[in-house]
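Visitor: I am new to this structure. Please show me how to read its features.

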Amino acid sequence: MAAEYKVGDEPEWTRKVPIDYYQWASGKTFYVGDTLVFQYNTAMHDVMEVTKENFQKCNKENPIAVYRTGSDKIELKRSGLHFFICSTLNHCEVGQKVSFNVDFAPGQPRNPLAEDLKNEKEDEESHAPSESPDAPGPSNGLL
Ligand SMILES: [Cu+2]
């Protein structure tokens with residue numbers, strides 16, 4: 001089952017409480033399909049997904065995505081590293097930032113999005129002549 005995580009385990013995504021977001025994330029395993037919940041006062045904070053480089057520098061230019069509802073539910077749709085910061089003033093610099101790795105759950109399709117693309121591609125290809133996968137390849141006789 002996909003899990004839902006309130007980021008930092010605190011009521012709010014904030015810089016006020018000395019929350020160590022690194023510590024929070026390092027004790028968990030995140031899987032594709034899990035959801036992160038960021039709750040915060042929109043006058044004070046927001047959520048930006050950024051690249052690793054921008055995460056390290058607290059660079060707010062060219063974010064991957066920006067969330068501003070104050071109650072953001074972000075589904076983790078891809079595996080690999082994810083980086084989130086608050087773009088307000090110096091909040092990122094004082095520690096309002098979180099990064100973590102996202103894995104595939106055991107038995108989970110390696111990449112649901114890739115599967116969708118693959119299926120679409122196969123649909124297209126089924127209309128065109130293609131090599132039969134059952135046709136013996138040139139090296140089959142040697143194996
Ligand atoms: Cu903030």
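Guide: Start with the disulfide. The torsion about the S-S bond of Cys 58 and Cys 92 is about -75°, so this disulfide is left-handed.

Visitor: Where do Cys 58 and Cys 92 lie, and how many residues apart in sequence are the parts that the pair ties together?

Guide: Cys 58 sits in the loop between α2 (52-57) and β5 (65-67), and Cys 92 in the loop between β7 (80-85) and β8 (97-103), so the pair ties together parts 34 residues apart in sequence. Helices (H or I, at least four residues) and strands (E, at least two) are DSSP runs, numbered from the N terminus.

Visitor: What is a disulfide, in general?

Guide: A disulfide is a covalent bond between the sulfur atoms of two cysteines. Here, a pair of cysteine sulfur atoms within 2.5 Å counts. The structure holds one disulfide, with an S to S distance of 2.0 Å between Cys 58 and Cys 92.

Visitor: What kind of model is this?

Guide: The model is predicted: local features need pLDDT of at least 70, side-chain atom pairs count only at pLDDT 80 or more, and totals for chains, interfaces and linings use all residues. Residues are numbered from 1 along each chain as its sequence is written, and side-chain values use heavy atoms, leaving out hydrogens and water.

Visitor: Are Cys 58 and Cys 92 buried or exposed?

Guide: Buried means under 20% relative accessible area, exposed over 50%, and partly exposed in between (1.4 Å probe, protein chains only). Cys 58 has 8% relative accessibility, so it counts as buried. Cys 92, at 0%, counts as buried too.

Visitor: Which residues other than glycine have a positive phi?

Guide: Most residues other than glycine have a negative phi. Cys 58 has a positive phi of about 55°. Asn 62 has a positive phi near 50°. Asn 62 is in the loop between α2 and β5, and it is exposed, with a relative accessible area of 67%.

Visitor: Which residues are the protein donors of the copper ion?

Guide: Donors are N, O and S atoms within 2.8 Å of the metal (3.2 Å for Na, K and Ca); water is not among the atoms, so sites may look incomplete. The protein donors here are His 45 (ND1), Cys 86 (SG), His 91 (ND1) and Gln 96 (OE1), 2.0 to 2.2 Å from the copper ion. Along the chain their spacing is H-x40-C-x4-H-x4-Q. Cys 86 and His 91 are buried.

Visitor: Why is the arrangement around the copper ion tetrahedral?

Guide: Four donors count as tetrahedral if all angles lie between 85 and 135 degrees. The four donor atoms around the copper ion subtend angles of 100 to 130°, so the arrangement is tetrahedral.

Conventions:
Four donors count as tetrahedral if all angles lie between 85 and 135 degrees; four count as square planar and six as octahedral if opposite donors are over 155 degrees apart and all others between 65 and 115; anything else is irregular.
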